[in-house]
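Okay, thanks for coming, everyone.

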Amino acid sequence: MKQMSLKIKLTLLYTFFMILVTCAALGILLSLSSREILSATQTKLEKRVQASADYLKLADGELEIDSEFYTVSQDIYLSLYDENLYFLYGKIPYGFNALPQIEDGRTRTIRDGDIDWYVYDMSFRLAENYTVYIRGVTSLTDAEEGYMVTTRFALILLPVLIVLTAVIGYRFTRRTLLPVKEITRTVREIRADADLSRRVGLHTGHRQDEISELAATFDEMLGELDQVFQREKQFTSDVSHELRTPISVILAQCGTCLEMDDLTEEQRKQIRVIEKKAKEMAAMTAQLLFLSRADQGRQPWNPERLNLSELTQVAVEEQQFLAKEQGRRTEIVCRCQPDIYAEVDETLYLRLLENLISNAVYYGKEDGRVEIFLESDGRRVRGRVTDDGIGIAPENLERIWERFYRADTSRTGEGHSGLGLSVVRWIVRTHGGEIYVKSRLGEGSTFIFEIPVKNEKK
Ligand code: ADP
């Protein structure tokens with residue numbers, strides 16, 4: 001199951017507690033108000049009955065009743081009975097048909113039909129031998145009606161409150177966690193572009209909380225990392241630069257020595273080995289210098305509209321010549337759509353092909369075949385360099401672009417130090433394109449690059 005996001009988890013937590021608190025509060029409130037309503041109704045009934053005694057008078061042995069006795073006030077009906085429970089005067093509510101026994105001074109609940117009634121009887125002595133009973137009746141159901149309204153209101157309010165809590169909780173959590181999202185986005189961008197100069201930059205505003213502190217710490221760490229990397233790049237650049245002069249001197253000296261006539265064959269052989277290794281070192285430092293300049297954004301490149309078909313043909317011929325010089329019988333074939341024009345840096349484009357073709361020859365069969373295709377749909381140029389050589393194992397396909405990574409460590413030297421494809425990828429990406437590889441171990445490889453005809457990165 002997909003992991004629940006922190007936002008959802010926190011929202012559920014708020015909502016759960018809100019439900020708990022609201023239910024508890026409503027439960028207490030409703031039970032209190034129910035009791036309150038019932039006891040208030042009871043008190044009202046008793047007071048009204050007690051007060052109604054004032055409406056009764058005995059004048060010349062005759063019972064006189066004030067009209068107030070007949071008035072139904074506060075939903076209370078009053079009626080008068082003699083000692084034998086014979087109805088004398090008053091009003092009985094509709095629906096109350098029961099005729100309960102008199103129970104002097106005690107409120108009772110009587111159910112008649114669907115309605116609950118409160119009945120309160122009170123004896124009242126009008127004269128020595130003349131006692132009457134005043135009965136007050138009120139509908140308990142009517143009193144409860146008000147309570148029911150409160151309950152219904154509470155039941156509607158409860159889901160509204162829950163939804164409101166969930167919505168507000170979610171929005172609040174989202175707002176609070178937004179900086180975390182921002183941090184994640186920055187990290188992803190840094191990973192994608194390998195650009196350590198980016199910062200989260202959340203601590204600069206008014207925000208002063210734990211998350212802005214985290215962002216500040218993160219930015220500090222990025223700053224330090226950036227400095228370390230800058231120093232490292234500078235170091236690589238300086239070293240490569242500094243090595244160029246001694247290597248040139250070694251090469252020049254080797255050349256001078258080889259011109260001497262009094263050298264033995266053994267000495268000549270040894271000087272040639274030194275010269276070969278110095279040339280490999282020169283190639284490697286050139287690649288390193290190129291990459292460190294590229295990292296520092298100092299590698300110059302000037303795209304111009306060029307005929308790539310012709311340029312590719314030139315590169316192919318040059319590589320064919322070099323292969324022959326190295327004693328290889330590889331056949332290099334150029335299958336280019338004619339007159340493909342695109343905006344590229346000439347030197348960089350030649351370098352890209354040089355690396356790809358020299359790899360295809362080097363990792364190809366001794367008498368293998370290398371094919372270079374070039375085509376364009378008018379928007380993008382698509383190039384392919386295919387060989388029928390050793391191929392690359394699937395687990396190495398991702399890593400061959402890393403610096404100094406060599407999939408086949410048995411083949412070392414001869415200028416192959418594991419930097420070529422890093423250079424190639426930088427060139428393609430700088431031109432706004434992409435490069436990828438298809439390969440089968442033991443069958444061969446195809447490197448495919450695509451670059452836009454018009455350069456937008458200029
Ligand atoms: P290198 O200078 O060692 O050739 P690259 O960066 O050009 O370095 O290539 C990295 C690794 O990718 C090589 O060491 C090799 O293992 C593998 N590789 C590159 N091109 C080919 C190819 N055409 N066929 C097989 N393996 C290749």
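Before I list anything, one term: when I say buried, I mean under 20% relative accessible area. And keep in mind that this is a predicted model.

So, helix 1. It covers residues 6–52, which is 47 residues. From its first C-alpha to its last it reaches 68 Å, close to the 69 Å expected at 1.5 Å a residue. Which of its residues are buried? Reading along helix 1, we get Thr 11, Thr 15, Thr 22, Leu 26 and Leu 30, then Thr 41, Leu 45, Arg 48, Val 49 and Ser 52. In an α-helix there are 3.6 residues a turn, so residues three or four places apart point the same way.

Next, a helix pair. For helix 3, residues 210–259, and helix 4, residues 265–295, the axes come within 8 Å and cross at roughly 155°. Angles over 145 degrees count as roughly antiparallel, so that's what helix 3 is relative to helix 4. Their crossing is left-handed. As for who's in that contact, by class we have 14 nonpolar, six polar and eight charged residues.

Leu 85 isn't a glycine, yet it has a positive phi of about 65°. You'll find Leu 85 in the loop between strand 3 (76–81) and strand 4 (87–90). Asp 339 is another non-glycine with a positive phi, near 50°, and it sits in the loop between strand 9 (331–336) and strand 10 (341–344). Buried or exposed? Leu 85 is buried, at 17% relative accessible area, whereas Asp 339 is exposed, at 52%.

Notes: Residues numbered from 1 in each chain as written. Predicted model: local features only at pLDDT ≥ 70, side-chain atom pairs only at ≥ 80, totals over all residues. Heavy atoms only, no water. Helix = DSSP H or I, 4+ residues; strand = E, 2+ residues; numbered from the N terminus. Buried < 20%, exposed > 50% of the residue type's maximum accessible area, 1.4 Å probe, protein only. Expected span 1.5 Å × (residues − 1). Axes fitted to C-alpha atoms, helices over the stretch in contact; angles between N-to-C directions. Parallel < 35°, antiparallel > 145°, perpendicular 65-115°, else oblique. Left-handed = near helix turned anticlockwise from the far one by under 90°. Nonpolar A, V, L, I, M, F, W, Y, C, P; charged D, E, K, R; others polar.
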